[in-house]
Amino acid sequence: LVSRRITRPLSDLAHAVSAQKTAGSAPRFDTHGPIREVNRLASAFNALFATRERQTQELQNLTRNVLHDLRTPLAHIRQGAELVHDGKAEAEPTMEAIAEACNSILGIVDTNSEISANYAETDRTPASELDLSEIISAVTDLYSAVADVKGIAFDVMLPQSSLSFTGHRHKVQQLLSNLLDNAFKFTPSGGRVKLTASAADGKILISVADTGIGIPDESRPHIFKRFYRVRTDRPTPGNGLGLS
């Protein structure tokens with residue numbers, strides 16, 4: 001009886017784990033049994049399967065979003081090629097549209113490759129000593145022209161001293177560009193975008209603020225996921241990769 005009392009929870013747990021080969025969702029094992037060690041093991045399996053379930057869901061969402069964002073440029077390529085083949089469209093402008101669609105696809109693929117490399121920490125490009133103030137000035141020069149075109153006030157506040165750090169110039173430029181691009185994209189004419197940088201306690205703080213449409217509270221936990229876009233953002237250009 002004592003042996004059965006000890007081994008039965010373990011046997012039940014083993015059967016449940018084996019059933020995961022065909023299960024569609026992660027089980028939740030009982031963690032309130034009579035044996036403390038078995039309860040701890042069940043808790044560990046619960047955490048393991050919950051993580052696997054979440055990762056599977058994220059992978060499914062990523063695959064679905066990739067297919068969705070690739071479908072439109074691929075359809076444009078096919079349509080353009082068919083029109084040229086049938087003699088219903090001029091070759092030169094159609095080829096330009098096809099090339100633009102190809103660039104869109106390559107951009108999605110390259111960005112996802114870079115994001116994956118960052119997550120896996122496989123990028124071994126050596127870092128160098130940089131001045132953030134210099135990088136910000138170069139990036140803001142570009143977006144000052146965007147601000148003029150859209151009629152948006154653009155304020156940049158930098159400290160008098162240099163902001164030195166060790167990093168990768170192109171990644172920091174891309175980070176700033178993505179933040180500013182979002183800020184200007186979702187701020188209407190007459191609004192304001194503000195970029196500030198400061199240093200304290202051995203750290204550098206970069207802040208981008210705007211008077212645009214904002215992000216709903218329920219969407220904020222998801223904005224760094226690949227391809228995630230707030231529902232109201234869908235009509236605007238983009239594929240939801242900038243923040244991720």
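Predicted model: local features only at pLDDT ≥ 70, side-chain atom pairs only at ≥ 80, totals over all residues.
Local features need pLDDT of at least 70 and side-chain atom pairs count only at pLDDT 80 or more, while totals for chains, interfaces and linings use all residues. Residues are numbered from 1 along each chain as its sequence is written, and side-chain values use heavy atoms, with hydrogens and water left out.

Start with the helix pair. Two packed helices are described by the angle between their axes and the distance between the axes. Here the pair is α4 (residues 132-150) and α5 (residues 169-185). Their axes come within 10 Å and cross at roughly 25 degrees. That makes α4 roughly parallel to α5 (angles under 35 degrees count as roughly parallel). The crossing of α4 past α5 is right-handed, meaning that the near helix is turned clockwise from the far one by less than a right angle. Axes are lines fitted to C-alpha atoms, over the stretch in contact for helices, with angles from 0 to 180 degrees between N-to-C directions. Helices are DSSP runs of H or I with at least four residues, strands runs of E with at least two, and both are numbered from the N terminus.

Now the contact itself (heavy atoms within 4.5 Å). On the α4 side, the residues include L132, I135, V139, Y143 and K150. They meet α5 residues, among them R169, V172, L176, L180 and F184. By class, this contact has eleven nonpolar, two polar and five charged residues.

Which residues touch the most other members of the largest nonpolar core? They are I135, F154, L180, F184 and V193, out of 19 residues in that core. A nonpolar core is a set of buried Ala, Val, Leu, Ile, Met, Phe, Trp, Tyr and Cys residues joined through side-chain atoms within 4.5 Å. Buried means under 20% relative accessible area, exposed over 50%, and partly exposed in between, with a 1.4 Å probe and protein chains only. α4, α5 and β4 (192-200) each supply at least two residues of this core. The largest share, six residues, comes from α4. Apart from this core lies another, of nine residues, among them L70, I98, I108 and I115.

I135 is in contact with L130, F165, R169, V172, Q173 and L176, leaving aside neighbours within four places in sequence.

Two single residues remain. S133 sits in helix α4. S133 has a relative accessible area of 12%, so S133 is buried. Not counting residues up to four places away in sequence, S133 touches L158, S161, S162 and L163. N103 lies in helix α3 (residues 91-120). Its relative accessibility is 52%, so N103 counts as exposed. The C-alpha atoms of N103 and D155 are separated by 33 Å, with the two residues 52 apart along the chain.

Terms used: Parallel < 35°, antiparallel > 145°, perpendicular 65-115°, else oblique. Nonpolar A, V, L, I, M, F, W, Y, C, P; charged D, E, K, R; others polar.
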